[in-house]
Amino acid sequence: MLRIPIQERPHWRDLAHEYGFQFHTMHGEVYWDESAYYQFSLEQIENGLEDPSAEIHQMCLEVVDRVVEDERLLRKFSIPEMFWEAVRASWRDQQPSLYSRLDFAYDGRNPAKLYENNADTPTSLYESGFWQWLWLEENVRNGRLPRACDQFNSLQEKLVRRLAEIYAQTDGPDFYFSCCKDTEEDRGTIQYLQDCAAEAGIPNRFIYIDDIGQGENGEFTDLDDRVIELMFKLYPWEFMQREEFAPLILQNPMRWIEPLWKSVLSNKALLPMLWKMFPNHPNLLPAYFEDEVEHAPGVDLVKKPIFSREGANVALYRDGEMLFDTDGPYGEEGFIFQAYHPLPKFGESYTLVGSWLVNDQPAGISVREDKALVTQDLSRYLPHVIL
């Protein structure tokens, strides 16, 4: 695993504008960075990332199977009690999911270590499935990369296929896609998924989460009062389960992608459960609930909120003393503790590998890096190759 400098394509910003990649720079900071790329061997991809991703994903599903049947665990996962039966039913009914991303610390030599499972609303989908592939093709064509270069990336074709499978299970309504207002990255992710749906021949519409209404019979409706029957939402279940309209979710037959059972997977409480059920697994880090942390065997610990995003409200402890923390609005529902395992450092940057899955199948990777130890929303995205 190598970080290799490369000359930027001189016209890439014009190309980004043409293809609708508007969030390549955010808040004046570089997000998409093609001044370097990460090179992996095929063995590193297949044995170091792809196989562990498939195995860990199945382990995560085993956790869901246990949690949904145990009220004590549902409470530990801070899932509101009024949603317990609905979460359980969504799992028992095998309601379909679309995609997820496992985040790993991986240096190309030692076993990848799972940091967390982004199973409900992971972004960086467009740049992973489409934009970095475009970068590879152009650089190979222009001779900046060897012709033998490949990329671990079947994300787009798997998304198109999975969306078609999900839609085939319905009676043919419009497929709605939704996110919050005032977030260019989320809107870009949703537009990419709409493009994938269009490629699959699925009629689709967009609506902001903020604009969803309630019909006369309690249905969710769009701005033209059309009933919404099927929706992908880039909006977290932990928010939806606590908002004013939450009871309507339970009264409404609308099909959600991602399904309610994903609220178990997209929850940091997953990490101590994985460690309990699969202790000493080579791709897991020891992890503990707050009331069990005294059993941590003298290791440095990272404190993470059960619900948090983009590295917010994370703290590092050594010998019970906090060494540093990050700001953010999370933590009200409680925390878990995970053994400290620093990201590998390449040059001046710490590097995180995201491993994508679509319909339970590994589908590609993304690479993020930052000069800070904790990956956050403005951490740079770099492309990768297999050689």
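Predicted model: local features only at pLDDT ≥ 70, side-chain atom pairs only at ≥ 80, totals over all residues.
Residues are numbered from 1 along each chain as its sequence is written. Local features need pLDDT of at least 70, side-chain atom pairs count only at pLDDT 80 or more, and totals for chains, interfaces and linings use all residues.

**Overall build**

The chain has eleven helices and 22 strands. Helices (H or I, at least four residues) and strands (E, at least two) are DSSP runs, numbered from the N terminus. The radius of gyration is 21 Å, close to the 21 Å from the globule rule for 387 residues, so the chain is as compact as a globular protein of that length. That radius is taken over C-alpha atoms, and the rule is 2.2 Å times the number of residues to the power 0.38. The C-alpha trace spans about 60 × 55 × 35 Å along its principal axes. Buried residues make up 59% of the 387. Buried means under 20% relative accessible area, exposed over 50%, and partly exposed in between (1.4 Å probe, protein chains only).

**Helix α2**

A kink of about 25° lies at E50, shortly before the proline P52. The bend is the angle between axes fitted to the seven residues ending there and the seven starting there.

On a 1 Å grid over the protein atoms alone, a cavity is a set of points where a 1.4 Å probe fits but cannot get out. A pocket is an open set with protein on both sides within 12 Å along at least five of seven lines. Lining residues have an atom within 4 Å of a point.

| Space | Volume |
|---|---|
| Largest cavity | About 30 Å³ |
| Second largest pocket | About 310 Å³ |

The cavity lining includes H57, Y99, K262 and D360. Strands β5 (99-105) and β19 (349-358) each supply at least two of its residues. The pocket is lined by 19 residues, and S90, Q95, M254, W256 and L260 lie nearest its centre. Elements giving two or more residues to that lining are α4 (84-92), α9 (246-251) and β12 (255-257).

**Backbone details**

The peptide bond from I257 to E258 is cis, with omega near 10°. E258 sits in the loop between β12 and α10 (262-265). Q94 has a positive phi, near 55°. Q94 lies in the loop between α4 and β5, and is exposed at 66% relative accessibility. D225 also has a positive phi, near 65°. D225 is exposed too, at 61%.

Conventions:
Heavy atoms only, no water. Points joined across faces, edges and corners; volume = space filled by probe spheres on them.
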